[in-house]
Amino acid sequence: MSRPRRPALQPDAPQLEEELAERSLSPDDLAGGVRIDSARVAGAELAGARAAGAHLAGVRLVDADLSGARLPGLQLVDVAVERGNLANLAAPDLSLRRVVITGARLTGAQWTRGGIADAVFRDCRIDLATFAGTTFERTTFEGCLLGQADFREGLLRSVRFDGCDLTEADFTGVRIDRCELRGCTLDRLAGLERLRGAAMPWGDIVGNAGLLAAALGIRVLEPDER
């Protein structure tokens with residue numbers, strides 16, 4: 001008898017102090033591997049910034065503009081990102097732990113070869129983003145637009161996709177463990193067969209029967225075929 005599959009583990013929430021000191025943040029502040037602890041940063045104008053090894057811990061980042069920035073080795077620990085523009089943010093080898101990102105734009109973000117654990121992406125636009133080679137653990141995507149997002153060769157452990165649009169996303173070479181999908185759009189998803197072992201509600205399985213059959217190479221018999 002096969003053992004029942006274990007459910008995906010829930011992400012741990014960020015550990016943030018209730019009262020945080022206000023702090024400004026400029027591109028110059030990011031230079032030299034800056035570390036920012038226990039602060040609320042609102043309205044930071046960081047578009048196009050260049051810096052390596054920036055570390056934010058216990059930070060609430062509100063309405064920041066990081067579009068087009070390049071931040072290799074970026075580290076976020078116990079961070080809440082509220083809204084903001086992170087489009088085309090290149091952060092190879094990044095590390096996220098206990099992070100919640102809500103209502104942000106991540107179109108075209110390049111977060112490759114990184115590690116993301118205990119994270120929630122909620123109501124975010126993450127289309128055309130690439131997470132190639134990144135490891136996700138205990139991560140939830142809620143109500144996110146992930147059209148044409150690139151997860152190639154990634155590792156997904158206890159990852160949930162809830163009400164997400166994954167149209168034309170790329171799961172080629174992805175490895176999964178304890179992954180769940182609920183109410184997601186999977187049209188033209190590349191590497192759909194890599195979802196083998198994932199869990200879905202019965203209604204979603206029936207609704208995507210044609211896509212799943214095609215991924216398994218099952219041909220539909222016509223009524224007149226014998």
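**Entry 1**

I took buried to mean under 20% relative accessible area, exposed over 50%, and partly exposed in between, with a 1.4 Å probe and protein chains only. The model is a predicted one, in which local features need pLDDT of at least 70 and side-chain atom pairs count only at pLDDT 80 or more, while totals for chains, interfaces and linings use all residues. Residues are numbered from 1 along each chain as its sequence is written, and side-chain values use heavy atoms, with hydrogens and water left out.

I then counted 12 aromatic pairs. Rings of Phe, Tyr and Trp (its six-membered ring) pair if their centres lie within 6.5 Å; planes under 30 degrees apart count as stacked, over 60 as edge-to-face and the rest as tilted. The ring centres of phenylalanine 121 and phenylalanine 141 are 4.9 Å apart and the planes stand at 10°, so I recorded this pair as stacked. Phenylalanine 121 belongs to strand β6 and phenylalanine 141 to strand β7, so the pair ties together parts 20 residues apart in sequence. I read strands (E, at least two residues) and helices (H or I, at least four) as DSSP runs, numbered from the N terminus.

**Entry 2. Phenylalanine 151 and phenylalanine 171**

Phenylalanine 151 and phenylalanine 171 are likewise both buried. Their ring centres are 5.1 Å apart with the planes at 40°, so I recorded the pair as tilted. This pair links distant parts of the chain, 20 residues apart: phenylalanine 151 is in the loop between β7 and β8, and phenylalanine 171 in the loop between β8 and β9. I noted one aromatic cluster formed by Trp111, Phe121, Phe131, Phe136, Phe141, Phe151, Phe161 and Phe171.

**Entry 3. The nonpolar core**

I looked up the largest nonpolar core and found 63 residues, with Trp111, Phe141 and Phe161 having the most contacts inside it. Such a core is a set of buried Ala, Val, Leu, Ile, Met, Phe, Trp, Tyr and Cys residues joined through side-chain atoms within 4.5 Å. The strands that each supply at least two residues of this core include β2 (35–42), β5 (95–102), β7 (135–142) and β8.

I also listed the contacts (heavy atoms within 4.5 Å) of phenylalanine 161. Residues up to four places away in sequence aside, phenylalanine 161 touches Phe141, Leu146, Phe151, Leu156, Leu166, Phe171, Glu180, Leu181, Arg182 and Cys184.

**Entry 4. Cysteines**

I found zero disulfides, taking a disulfide as a pair of cysteine sulfur atoms within 2.5 Å. Cysteine 124 is in no disulfide, and its nearest cysteine sulfur, that of cysteine 144, is 4.8 Å away. Cysteine 124 counts as buried at 3% relative accessibility, and cysteine 144 is buried with a relative accessible area of 2%.

**Entry 5. Salt bridges**

I found 15 salt bridges in the structure; each is a side-chain nitrogen of Lys or Arg within 4 Å of a carboxyl oxygen of Asp or Glu.

Arginine 40 and glutamate 22 form one, at 3.1 Å from N to O. Since arginine 40 lies in strand β2 and glutamate 22 in strand β1 (residues 21–22), the pair ties together parts 18 residues apart in sequence. Arginine 40 is partly exposed at 28% relative accessibility, whereas glutamate 22 is exposed at 55%.

Arginine 138 and aspartate 118 form another, at 2.8 Å from N to O. Arginine 138 lies in strand β7 and aspartate 118 in strand β6, so parts 20 residues apart in sequence are tied together. I noted arginine 138 as partly exposed at 24% relative accessibility and aspartate 118 as buried at 5%.

Asp150, Arg152 and Asp170 are linked in a network of salt bridges.

**Entry 6. Around threonine 167**

Glutamate 168 forms a salt bridge with arginine 188, the closest N and O atoms being 2.9 Å apart. Glutamate 168 lies in the loop between β8 and β9 and arginine 188 in the loop between β10 (180–182) and α2 (202–207), so the pair ties together parts 20 residues apart in sequence. Glutamate 168 counts as partly exposed at 34% relative accessibility, and arginine 188 as exposed at 57%.

Threonine 167 is in the loop between β8 (155–162) and β9 (175–177). I recorded threonine 167 as buried at 16% relative accessibility. Leaving aside neighbours within four places in sequence, threonine 167 is in contact with Leu146, Gly147, Gln148, Thr185, Asp187 and Arg188.
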